[in-house]
Every structure is written in C-alpha cells, then in structure tokens.
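I opened this notebook to keep track of what I looked up in one structure. The entries follow the order in which I went through it.

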Amino acid sequence: MGILTLQNFVGGQWQGATAGAVEVPSALTGVSAASLGSGGVDFGAMAEHARSVGGPALRALTFHERARILKSLAEAIMARKDELYALSALTGATRTDGWVDIEGGAGTLFAYASKGKRELPNDRVLLDGGLEPLSKRGSFVGQHILSPLQGVALHINAYNFPVWGMLEKLAPTLLAGVPAIVKPASATAYVTEQCVRIMLEAGVLPDGALQLIVGSTGDLFEHLTGQDVISFTGSAATAVKLRAHSNIQSQNVRFIAECDSLNATVLGPDITSEDPEFDLFVKEVVREMTVKAGQKCTAIRRIFVPASMIDAVQSALAAKLATVVVGDPAAEGVTMGALVSRSQLADVRAKVAELAQDARVVFGDPTAEPDATDADGAFMNPVLLRCDTPWDAPRIHDTEAFGPVATLMPYADLADAVALCREGEGSLVMSLFTYDPAVAIEVVSGAAAYHGRVLIVDRDCARESTGHGSPLPGLVHGGPGRAGGGEEMGGLRGMSHYMQRTALQGSPRMLAALGHRWIKGAPKIEDGAHPFRLKFDALDLGKTFTSGSRTISLADIEHFAEFTGDTFYAHMDEEAAAANPFFPGRVAHGYLILSFAAGLFVDPAPGPVLANYGLDNLRFLKPVSPGDAISVRLTAMAKSRRNDEYGEVRWDAEVTNQDGETVAAYELLTMNAI
C-alpha cells in the first residue's frame, strides 16, 4: 500500500490540501502511511454550508427519518468493514482492537437508530417533560420543548478510536437534526476519511449534513456562533486551550469535553484469592492495560487492592501479563499491537519515568524494544508499577502514561479506597470487584460524584459484563473535573447537547398545535364518525368519543372477583373494606373499571384499529362503589406513523362517575391502519 493522499470534504466536494500537507507514519514501521492537510479550505464557507444547506435539510426530516439514515449508515459501514480493518492495522490495532472501533462504531449508529424509532415521535418537535399548569382555570399553561440548534456541530476527535470516536458523536448529532463537521486526529485520520467516504457513498445523507477536515481547523473557531457546538475528545490541557479561545468565550459557544482521566479499579475487601472476583479482577486489569495498547481514555491507570492482598495481586498480574505477545497485529499469536507513533511511544516512556519517581516497575521494561518487532515501529511492552505509599505519591494521581501502563497500590480500609479514587479529581469510569452489596453501597455513595460511570463486577454479571473500558450508547460517557466535565451518548440524553430547551407559554389550544399533541383544555372534535372508524391519516388530534354510562352493581363486582380469582377483601368483605381509610365499603376492582370502560368506548366491528397494545400512566383516583355509574371520554392525543401500513395512536382516556368526578385516567395505545 502506497502513501494515501487524504482529502477534506467541503461544501459537497472532496478537496485536497493546496499547501502545508504533512505525512503521517505507520505505527508498525514508521514509514509514511498518509499525507494530509487542510491548506486552502475556506472554513467560513464550510460552516455556512452546514448552517444554510445541511441544517435545513436535516430539520425538514422527522426523528424517524433521521433514524433510518443512521441505520443505513451503519449498514454501509458493516458492508465495507474490511476496508476499515485494513487501514486500522496500520495504526497498530489488532483485529480485536479494530472490532471495538469499527463494529463498535457501527453498533452505536444501530443503537441510536433503534432508539430514535422506538423512543421518539415520528415528528420534528420533541416535548420535554409534562404540561405545567400556570392558572386556576387551565386556560394558561406551559410546556418545555427541545429544538435542534440552527448551527453546526464541530467534532474534534482523538486518535485512538478513528471510527467509534466519530460515530458516537455523530449519531446523536444527526438524530437531533444538526449538521456536523468532523475533525479527526491526524495520526489515524486515514481510517476516519475512509469511513466518511463509505457513509457519503451510501447516498442517504442530505447535502451539508457531514463535512470533514483532515488537518488544522484554521480560522474555523472565528466563524462559530452561539448556535454552534464544539464536542472535543483529547487531553485536558488542549481542552483548556480551546475553551479559552476569544470567540468561543464571547459567543458562548457550547463546549463539550471528554478528556483523559486516571481511572481506577478497586478490589473489594471481601474478596480473597479463592473467590471468582479475584480472577475476574486480574483478567480485567490486564485487558484494560493491553487493548488498544492501553491507548484508551477509559483504561485502568490506578489499581487499588487491600494491603493484605497486594503481593498476591502483583504475582497474578505479572503472570497474566507475561502471556501478552507484542508485535505486528498481522502476525499469528500477537495479542497487543503498537502505540500510534514513535512520538507517542516517547511520551509514554517519559511519563513512566515520572511515575517511577513515586513507584517502582515490577513488570516490563519500558525502554526495551519487544522481541520480533520493527525497530522503527512504536512497540512497547506492558508495564506494571507498584507504589506502597499512595498518599505520598502525587504523580500517580496526576500523571497519565497513555499506553499499556498501570500502577498497583494498597488501601487500608474501604474509606481509604474511596478517598484514593477521588484523588484522580474526576474520572470517566471506575470499577469495583465485590460480592458484598454493602461494599458497593459505600463505594458508590462516596465515589460516584467523581466519576461518569461506575462498573460493579461480581460472579453474577461477569459473563455478560461489557467491561471497565467500554462506553455504551445507552449510558453517559464523560466525567467531572479532570475528565472534562462533559457528557456524550447516554441514549437520547446525548441529543440534548445539540438542542435548545425552550419554555412555551400560552393557551392549551396554541400549545397543542405547537407540540402536535392534544392537551386538556384544547378544543375537542366531538361530531362525526366514531374515532375507531377513522384511518390513521384521517384521524385528527382532538377527535373525541364520549360514551354513555354503565351502572356497576354488587353482582358485577362479585362475578368479576370469582371469575378472575381476585377476591381481595376490599371487593368481598364489607366490614373489612369499611375499616380501610381509603374505601367507603366494598368497591369495584380497578381492572373491572377498565374492562367496563373498554366496553363503553370500543366500536366492535372490524376497522382501522388493528390492536390495543398498552396503557401508560394509569391512575385510579376515586373508588367506585356498587350503584355508581361510569362513563368514558376518549380523545386522540398524539400520533406517530410507524411505516406505510400502520401508526401508533395515543388516546387520552378519562373515566368519570355519575357526579362528573374522575375515577380513573390513563393513556391508551393502539395501532391504526394507514
């Protein structure tokens, strides 16, 4: 493979550097793998293209349409994943490392596509929380909504995950309806560039939704506004520098940072070397030291064990690390590849020398070249340090060697372990290996505020645990303090960084129109055919059916009790029921009320209603006694098209008694034919 000439994707066109191109070496041989640069790119025009072309196109799509785009992008990547694996190997990654990056990235797109389809409406408006009553009569109400920012998201990514690192930001951004400019780290940009080509060639992205910079961002920061977002992954020092840019400060540009952190793992005081958690702990530490050659922002850097266990843990870790084979990922038997570059190797070695001022190396030679590796490559043996006095070792809690390096330390008691974890001053993740819930409770209560994620591993979950270092689409990835203070992913929470929360105030009629959802107090449509006779597209929100009444007798209650087996005393024993402060005497079953209510509102003949598939927010508000008469008001509340055959209808259902008092309220879900 010759030198790859990378290009920027700007304004719908691929564009090479006109000046200032630099070469990027292979991690395996030191030979140039790619040439890249952004000289000649008009960054102002790039931002404007995203805002004026990409943004409107994305905002014109519903959440479900955007979700389908994400799914198509994931499918395109999986169909051409071998192209990415071939390039990933040049970064020093093993096949397993590449799987985490490439297929893990596609998996994140799939996950957000699924969440967008299942958890969001087929609409362009996203309601945030419930209705807020603002007046006594209900004519003035409030509702929060989330709207996509009308700017551009600038994603500045680290070198260690050139695919996943891009896609875990891109998925919630596109689902929110915001275009992105991706700026990968130069060292592995050739993998990112090919992934972008694959996505663009899938032909599903609107023009302007995705652009790419391979090189410097030039004067792009000068063109950002308060409608734009910067999402950054990298060192804490770089994050501080970027945040301090004068235009970022003056325009209050949103800045999300996910930075390096000194992640810790703790072996619980309840664990002995005979327990399953001991072996799980050793296996996880070694995995975190060696996957991606330790170049993960979530990798374990600090290992805390009971003082009485430190020698046993050291021996077990050394034995496991001795089985690690370092070399070219293409060679048979290799389990750990190279660091990304010789400069990164030099940096890690320098950081190990700093750490060695407070600790001693107990496994691995940080200066030796591993056997059977290219001397011009960036290979390094895993290194385990030991520090017996962690409270007298400030460097261990402040200096990160971003490679296959970790430090083993003892703790006196659980309170000491928690305090030591907090010495990292904010981390992306910590893990705890224990089988005692009391240990987990104490650690979480003391350390959770300092960590974005806490993994608790025991023999019960180990088989399916995704591990210490694996961020997941449905969980937040980020952390306080040194870790950057930001969040990414977290399911639909990740979209909120690219959206504006706005409080709307007005009449129910107006807010119902704005939110595409009927609310109490808004007009109802009570004439015409029964709503169950109307197909999905013909059913207007606010369409209402009010039933006649049905009197519930004591015989009804007793029959329901015997038929269902629910002979709870409140339905069958007058004296016991009357002694209950919630009941005036024997009362109807809640589910009898629902069953009779269904009988009152259902139109039984075959028609557009295909299925009743659930109830949400059910509350029984007032007991129904024998002799009471109930009626139902059913109103079409919201609609969400699922496909070309059917859509979901959400109905507001209110059951009242003969005095007009609400006895039950719920939301009914049906599937209706298009």
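**Entry 1: a residue in α6.** I began with Leu200, which has a relative accessible area of 22% and is therefore partly exposed. I placed Leu200 in helix α6, residues 189-201.

**Entry 2: the chain as a whole.** I note here that the model is a predicted one. I found 18 helices and 28 strands in the chain. The C-alpha trace spans about 90 × 60 × 45 Å along its principal axes. The chain has 674 residues, and 54% of them count as buried.

**Entry 3: a residue in β16.** I looked at Leu385, which sits in strand β16. Is Leu385 buried or exposed? Its relative accessible area is 0%, so I wrote it down as buried. Leu385 and Thr407 have C-alpha atoms 4.5 Å apart in space, although 22 residues separate them in sequence.

**Entry 4: helix α2.** I checked the length of α2, which covers residues 63-79 and has 17 residues. From first C-alpha to last it reaches 24 Å, close to the 24 Å expected at 1.5 Å a residue. Its buried residues include Phe63, Ala67, Leu70, Ala74 and Ile77. For background, I noted that an α-helix has 3.6 residues a turn, so residues three or four places apart point the same way.

Lys292 follows α9 and lies in the loop between α9 and β14 (300-306). Lys292 counts as buried because its relative accessibility is 7%. Ala293 counts as buried because its relative accessibility is 1%.

Entry 5: I searched the whole structure for aromatic pairs and got 9. The ring centres of Tyr159 and Phe402 are 6.2 Å apart with planes at 85 degrees, so I recorded the pair as edge-to-face. Tyr159 is in the loop between β8 (153-156) and α5 (164-176), and Phe402 is in the loop between β16 (383-386) and β17 (405-411), so the pair ties together parts 243 residues apart in sequence. Tyr159 and Phe402 are buried.

The pair of Phe161 and Trp164 has centres 5.6 Å apart and planes at 70 degrees, so it is edge-to-face. Both of these residues, Phe161 and Trp164, are buried. I also found Phe532, Phe601 and Trp651 linked by ring pairs into a cluster.

Lys292, from the previous entry, turned up again: it lies over the face of Phe161, at 5.0 Å from the ring centre. Arg197 lies over the face of Trp14, at 3.8 Å from the ring centre.

**Entry 6: the largest pocket.** I looked up the volume of the largest pocket and got about 1200 Å³. It is lined by 45 residues, and those closest to its centre are Leu127, Gly129, Arg517, Met637 and Arg650. Elements that give two or more residues to the lining include α4 (95-119), β7 (141-148), α14 (508-515) and β27 (646-656). Which element gives the most to the lining? It is β6, with 8 residues. By class, I counted 20 nonpolar, 9 polar and 16 charged residues in the lining.

Conventions: Residues are numbered from 1 along each chain as its sequence is written. This is a predicted model: local features need pLDDT of at least 70, side-chain atom pairs count only at pLDDT 80 or more; totals for chains, interfaces and linings use all residues. Side-chain values use heavy atoms; hydrogens and water are left out. On a 1 Å grid over the protein atoms alone, a cavity is a set of points where a 1.4 Å probe fits but cannot get out, and a pocket is an open set with protein on both sides within 12 Å along at least five of seven lines; lining residues have an atom within 4 Å of a point. Grid points are joined across faces, edges and corners, and a volume is the space filled by probe spheres set on the points. Helices (H or I, at least four residues) and strands (E, at least two) are DSSP runs, numbered from the N terminus. Ala, Val, Leu, Ile, Met, Phe, Trp, Tyr, Cys and Pro count as nonpolar, Asp, Glu, Lys and Arg as charged, and the others, Gly among them, as polar. The expected span of a helix is 1.5 Å times one less than its number of residues. Buried means under 20% relative accessible area, exposed over 50%, partly exposed in between (1.4 Å probe, protein chains only). Rings of Phe, Tyr and Trp (its six-membered ring) pair if their centres lie within 6.5 Å; planes under 30 degrees apart count as stacked, over 60 as edge-to-face and the rest as tilted. A charge sits over a ring if NZ of Lys or CZ of Arg is within 6 Å of the ring centre and within 35 degrees of the ring normal.
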